[in-house]
Amino acid sequence: MGKQPITYTNALAQSFADLKKGAKLTPRLGLDRLSAGTPPFDDEVWRVLQLMYTKNLSPQEATTQLQAGLSSWYEPQKK
C-alpha cells in the first residue's frame, strides 16, 4: 500500500482503492521477508493448506513443515 493516491475511472476499483485512505500502513512481513528464500513461505503455506484439506494433514504437522522450511534459510530462525 503506497502513500500515493490512486485514481481509477472504474467506480468499483476506485471504491476499493479508497479503502486505504487514513489506513495505517504496515509492512508485509510474510510477503516481503518470509517469501524471499527457498522455499518461499507463501508457497509453503498454500502447499500445507492443500494437504490439510486433501490429505488430513494436522495443523500441528502443517506448522512443523512450515517451520522446517523457514528455518532452513531465514537467518533469525537458524539459531
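**Figure 1. Tyr8 is in contact (heavy atoms within 4.5 Å) with Ala13, Gln14 and Ala17, leaving aside its neighbours within four places in sequence.** The view shows a predicted model, in which local features need pLDDT of at least 70, side-chain atom pairs count only at pLDDT 80 or more, and totals for chains, interfaces and linings use all residues. Residues are numbered from 1 along each chain as its sequence is written, and side-chain values use heavy atoms, with hydrogens and water left out. Tyr8 belongs to the segment before helix H1 (11-17). Its relative accessibility is 41%, so Tyr8 counts as partly exposed (buried is under 20% relative accessible area, exposed over 50%, partly exposed in between, with a 1.4 Å probe and protein chains only).

**Figure 2. The chain contains four helices and zero strands.** Both kinds of element are DSSP runs numbered from the N terminus (helices H or I, at least four residues; strands E, at least two). Read from the N terminus, the order of elements is α-α-α-α. The chain has 79 residues, of which 18% count as buried. Of the contacts in the chain with a separation of 6 or more, 31% come from residues 24 or more positions apart.

**Figure 3. Helix H3 (residues 41-54) and helix H4 (residues 59-71) cross at roughly 160°.** Their axes come within 10 Å; axes are lines fitted to C-alpha atoms over the stretch in contact, with angles from 0 to 180 degrees between N-to-C directions. The angle therefore makes H3 roughly antiparallel to H4 (over 145 degrees; under 35 is roughly parallel, 65 to 115 roughly perpendicular and the rest oblique). The crossing of the pair is right-handed (the near helix is turned clockwise from the far one by less than a right angle; anticlockwise is left-handed). On the H3 side the contact is made by Phe41, Glu44, Val45, Arg47, Val48, Leu51 and Met52. H4 contributes Pro59, Ala62, Gln65, Leu66 and Leu70. Sorted by class, the contact comprises nine nonpolar, one polar and two charged residues (Ala, Val, Leu, Ile, Met, Phe, Trp, Tyr, Cys and Pro are nonpolar, Asp, Glu, Lys and Arg charged, and the others, Gly among them, polar).

**Figure 4. Glu44 of helix H3 counts as buried because its relative accessibility is 12%.** Beyond its neighbours within four places in sequence, Glu44 is in contact with Pro39, Gln65 and Leu66. Pro39 lies in the loop between helix H2 (29-32) and H3. The peptide bond from Thr38 to Pro39 is cis, with omega near 5°. Glu44 and Gln67 are separated by 23 residues in sequence, and their C-alpha atoms are 9.8 Å apart in space.

**Figure 5. Leu70 lies in helix H4 and counts as buried, as its relative accessibility is 10%.** Apart from neighbours within four places in sequence, the residues in contact with Leu70 are Leu34, Phe41 and Gln77. Gly37 is 33 residues from Leu70 along the chain, and the two C-alpha atoms are separated by 8.2 Å.

**Figure 6. Asn56 is located in the loop between H3 and H4.** Its phi is positive, about 60°, although Asn56 is not a glycine. Most residues other than glycine have a negative phi, and most peptide bonds are trans. Asn56 has 69% relative accessibility and so counts as exposed. Helix H3, which Asn56 follows, has 14 residues that should span 20 Å at 1.5 Å a residue, and its end C-alpha atoms are 20 Å apart, in agreement (the expected span is 1.5 Å times one less than the number of residues).
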